[in-house]
Amino acid sequence: LPEIFLQAMPILKKIQQAGFEAYFVGGCVRDLLLGKKPHDVDIATSAYPAEIKQIFERTIDTGIKHGTVTVLQQKQAYEVTTFRTESGYQDFRRPDHVTFVRSLSYDLQRRDLTINALAMDLNGQVIDLFDGVRDLQKGIIRAVGVPHERFHEDALRMMRTVRFASQLSFVIEQQTLKAIAENAALLKHIAVERIHEEWQKLLLGSYPQNGLRPLVVTELYRYCPGFNGQVAVLKKMISLPRLKFNSVAGGWCLFGYLAQFTTGEMTELLRAWKSSNDLIKSVIVAMQATKLLENSSLGEWQMYSLGWKAIQIACENVTLLGKKNPMIEMQQKYQKLPINNIKELAINGGTLITELNLTPGPQVGQLLADLEKAVVIGHLSNVKEDLLQQARIIIKK
Ligand code: ATP
Ligand code: MG
């Protein structure tokens with residue numbers, strides 16, 4: 001067993017010694033059986049939250065209403081959640097009632113997909129009530145129970161389904177796929193932030209096209225912010241020989257590039273997805289770099305001002321679009337730039353002011369910018385004396 005499971009063993013043991021059941025559940029068991037490293041382990045138990053708090057010295061009430069207590073042990077934090085059933089779902093997203101139960105089987109029943117409805121006990125014995133192991137082996141994503149009901153209860157599960165298709169390159173089972181098509185419009189009830197989280201995982205998956213395909217086929221994309229009119233872009237992405245993104249910005253950049261979005265349009269789309277300003281900035285510069293690279297007009301000054309991250313994304317994206325990968329060539333070109341940053345300029349505003357007797361103000365900034373550009377494009381060497389001399393010439397003009 002991977003270290004992360006071994007470390008958590010004492011927690012399960014302690015719960016058992018207190019007379020309750022405890023299992024590893026959900027994504028961590030799935031990942032273990034896939035031979036992937038889980039990023040965290042979730043523990044499910046028959047003990048109620050108050051009982052867990054009695055068993056362990058240090059706990060945090062993370063989501064006590066939903067049965068989750070965080071147990072702190074040897075600098076690690078473990079989420080321990082009481083077996084529960086859910087009912088209600090009048091708003092297509094969250095259950096109206098959460099009921100704690102003593103039986104694992106109810107807890108597994110409420111989970112979204114068979115591959116996520118697995119539990120494992122201390123001996124490594126897997127509890128698999130819905131043939132999740134078979135589906136894992138066959139590469140199938142299948143809803144637990146009646147798919148239509150499960151997506152109707154919680155519409156986010158549809159986005160989860162397509163993102164797992166991208167991450168695992170699994171096929172979505174027919175009834176499950178059909179139920180997504182029938183319930184797609186319910187995605188409207190889900191908070192954009194939660195849709196965005198799944199979309200990012202879809203983009204970063206190993207096989208994004210396997211997630212994009214069902215997103216289009218079921219028309220689920222129509223209920224993703226700003227995607228309704230963009231099916232052609234999604235289809236183009238699906239039709240590329242290969243798709244793989246190293247960053248979320250890379251995925252968005254290709255989307256915006258293919259949609260031929262202006263900076264304004266792209267910003268608007270990303271805002272509709274409630275993206276951070278950092279992401280918006282990265283995507284916009286990467287799109288500019290992609291356009292320039294596609295037109296083979298990415299000069300020194302543009303490389304310098306767009307920055308290496310944007311150029312890297314642009315290289316990745318033009319490669320996905322069928323060009324020979326320009327990364328090595330661009331890297332060499334970028335490294336040859338006299339400076340990569342204004343801080344590397346052999347002079348700064350303060351020096352200009354004292355050496356040339358200038359009054360501080362916007363003209364100093366302009367002067368500095370002119371010198372910066374001259375150095376970057378190779379018209380001027382990055383030597384203090386040369387820069388001062390050039391500055392004197394500019395001032396005289
Ligand atoms: P990841 O590897 O991305 O964390 P995960 O499957 O662990 O994937 P989580 O959001 O961490 O996803 O959820 C943990 C488990 O809780 C899932 O494996 C699944 O059993 C259950 N689960 C999560 N979200 C839902 C949902 N919307 N409906 C039903 N069950 C869910
Ligand atoms: Mg998880």
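Select Arg-163 and, leaving aside its neighbours within four places in sequence, show its contacts: Glu-198, Lys-201, Leu-202, Gly-205 and Gly-211. Two residues are in contact if their C-beta atoms, placed from the backbone, lie within 7 Å. Arg-163 sits in helix 7, residues 156–168. Helices (H or I, at least four residues) and strands (E, at least two) are DSSP runs, numbered from the N terminus. Is Arg-163 buried or exposed? Arg-163 counts as buried because it has 22 C-beta neighbours inside 10 Å. The cut-offs are these: buried means 20 or more other C-beta atoms within 10 Å of the residue's own, exposed means 12 or fewer, and partly exposed is in between, with C-beta atoms placed from the backbone.

This is a predicted model, in which local features need pLDDT of at least 70, side-chain atom pairs count only at pLDDT 80 or more, and totals for chains, interfaces and linings use all residues. Residues are numbered from 1 along each chain as its sequence is written, while chains are lettered from A and ligands numbered from 1 in the order in which they are written.

Colour the model by pLDDT, the predictor's confidence in each residue, from 0 to 100. The protein averages 96, and 100% of the residues score at least 70. For the complex, the predictor gives an ipTM of 0.99 and a pTM of 0.94.

Next, select the "binding site" positions that UniProt gives in an unreviewed entry: Gly-27, Arg-30, Arg-111, Asp-154, Arg-157, Arg-160 and Arg-163. UniProt positions are in the numbering used here, feature names are shortened, and annotations may be inferred rather than shown by experiment. Among these positions, Arg-30 lies in helix 2. Arg-30 is buried, with 23 C-beta neighbours inside 10 Å. Beyond four places in sequence, Arg-30 is in contact with Ile-115, Asn-116, Leu-118 and Leu-136.

Asp-40 is in the loop between helix 2 (27–34) and strand 2 (42–45), and is partly exposed, with 14 other C-beta atoms within 10 Å. Asp-42 belongs to strand 2. Asp-42 is also partly exposed, with 19 C-beta neighbours inside 10 Å. Leaving aside neighbours within four places in sequence, the contacts of Asp-42 are Val-25, Gly-26, Gly-27, Cys-28, Glu-79 and Thr-81.

Now centre on ligand 1. Which residues are around ligand 1? They are Gly-26, Gly-27, Asp-42, Arg-111, Asp-112, Asn-116, Ala-117, Asp-154, Leu-156 and Arg-157. Such a residue has its C-beta atom, placed from the backbone, within 6 Å of the molecule. The shell holds two nonpolar, three polar and five charged residues. Ala, Val, Leu, Ile, Met, Phe, Trp, Tyr, Cys and Pro count as nonpolar, Asp, Glu, Lys and Arg as charged, and the others, Gly among them, as polar. Ligand 1 lies between domain 1 (1–138) and domain 2 (139–244), because both give residues to its shell.

Zoom out and colour by domain: 1–138, 139–244, 245–337 and 342–396 are domains 1 to 4. The bounds come from an automatic or database domain assignment. The centres of domain 2 and domain 4, taken over C-alpha atoms, are 54 Å apart.

Select residues 244–390, listed by UniProt (unreviewed entry) as "domain: CCA-adding enzyme C-terminal". This span is 67% helix and 0% strand, and its end C-alpha atoms lie 47 Å apart.

Finish at Lys-336, in the loop between helix 17 (327–335) and helix 18 (349–356). Lys-336 counts as exposed, with 10 C-beta neighbours inside 10 Å. From Lys-336 to Val-376 is 40 residues in sequence and 9.8 Å in space, C-alpha to C-alpha.
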